[in-house]
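Here are some friendly notes to read alongside the model. They begin at the DNA and then move to the protein–protein contact.

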Protein chains: 2
Amino acid sequence: MSFDQLRYFVAVAEEGNIGRAARRLCICQPPLSRQIQQLEAELGTRLFDRTARGVTLRPSGARFLPFARDILDRVDAARQALDDPGVTSGGDRLREPGALGS
Amino acid sequence: MSFDQLRYFVAVAEEGNIGRAARRLCICQPPLSRQIQQLEAELGTRLFDRTARGVTLRPSGARFLPFARDILDRVDAARQALDDPGVTSGGDRLREPGALGS
DNA sequence: CGACTTTACGGGTCGCGTAAGTATA
DNA sequence: TATACTTACGCGACCCGTAAAGTCG
């Protein structure tokens, strides 16, 4: 599992369509399709149902989606924690994660 | 940034020594050293101070560490959420992340 | 037949492991 | 001089983009 795969998964889940998600992610459909397959293989669970009009989330995919979003948000929070050493002052005080906006 | 880099960073922070962390991770020191450097470069911040006896966390590293641990825990939680569809029953009910043990 | 997803293929990039180099107590 | 981190180098694996094939309304 990689951060890209999580980003890809979220985009596909939101678009309901691999092609549109690929355009949004600025990559081609085949790589995106493969990454989704690979993620499903690693997790041992099918996340989407494929139809002729696109893809739809399976229950397992719906269960996984909030975790994926959460992890990506945490990554952003971690980066910002390094950029903003504590907002106001000296900043040796370390701030625990868990106080996320979402 | 990759999940491996986060795992590597946590291991090095805990061991205070790249060589020992490498043994624990079952990889060689040079790749581990490079991954840490690469992570620091991407984050734009030095995370460790290098000494002749090992490495020590800088304030930025100490600030980053809990986030790294948290993200890795979330990944495990996400995997388990797929394996355990809800512990007891049918399991369409989706459980929000955020109720982590730590 | 049109739209979407998947498989096949070639090229470039990335990361690991081995070996040699550098620095400090 | 012993220990630990770093740089150099060669090889294999992974991922992307293009092209072709398969599938369903």
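Which backbone atom lies 2.9 Å from a phosphate oxygen of DNA strand C? A backbone N or O atom of Gly19(A) does.

1. Ground rules. This is a predicted model, in which local features need pLDDT of at least 70, side-chain atom pairs count only at pLDDT 80 or more, and totals for chains, interfaces and linings use all residues. Residues are numbered from 1 along each chain as its sequence is written, chains are lettered from A and ligands numbered from 1 in the order in which they are written, and side-chain values use heavy atoms, with hydrogens and water left out.

2. The side chain of Arg34(A) has an N or O atom 3.4 Å from a base nitrogen of DNA strand C.

3. The surface around the strand. Of the 19 residues around DNA strand C (a heavy atom within 4 Å of it), those that come nearest are Ile18(A), Gly19(A), Ser33(A), Arg50(A) and Arg34(B). H3(B) gives the most to this surface, with five residues; helices here are DSSP runs (H or I, at least four residues), numbered from the N terminus. On the DNA side, 71% of the atoms of DNA strand C within 4 Å of the protein belong to sugar or phosphate, and the rest to bases.

4. Where the chains meet. Arg63(A), Phe67(A) and Leu82(A) supply 26% of the area that chain A buries against chain B, more than any other three residues.

5. Charges across the interface. The rule finds four salt bridges between chain A and chain B, each a side-chain nitrogen of Lys or Arg within 4 Å of a carboxyl oxygen of Asp or Glu. One salt bridge joins the side chains of Glu42(A) and Arg79(B), at 2.5 Å from N to O.

Key:
Buried area = accessible area lost by both parts, 1.4 Å probe. Polar contact = N/O pair within 3.5 Å; in protein donor to acceptor, adjacent residues only side chain to side chain. Helix = DSSP H or I, 4+ residues; strand = E, 2+ residues; numbered from the N terminus.
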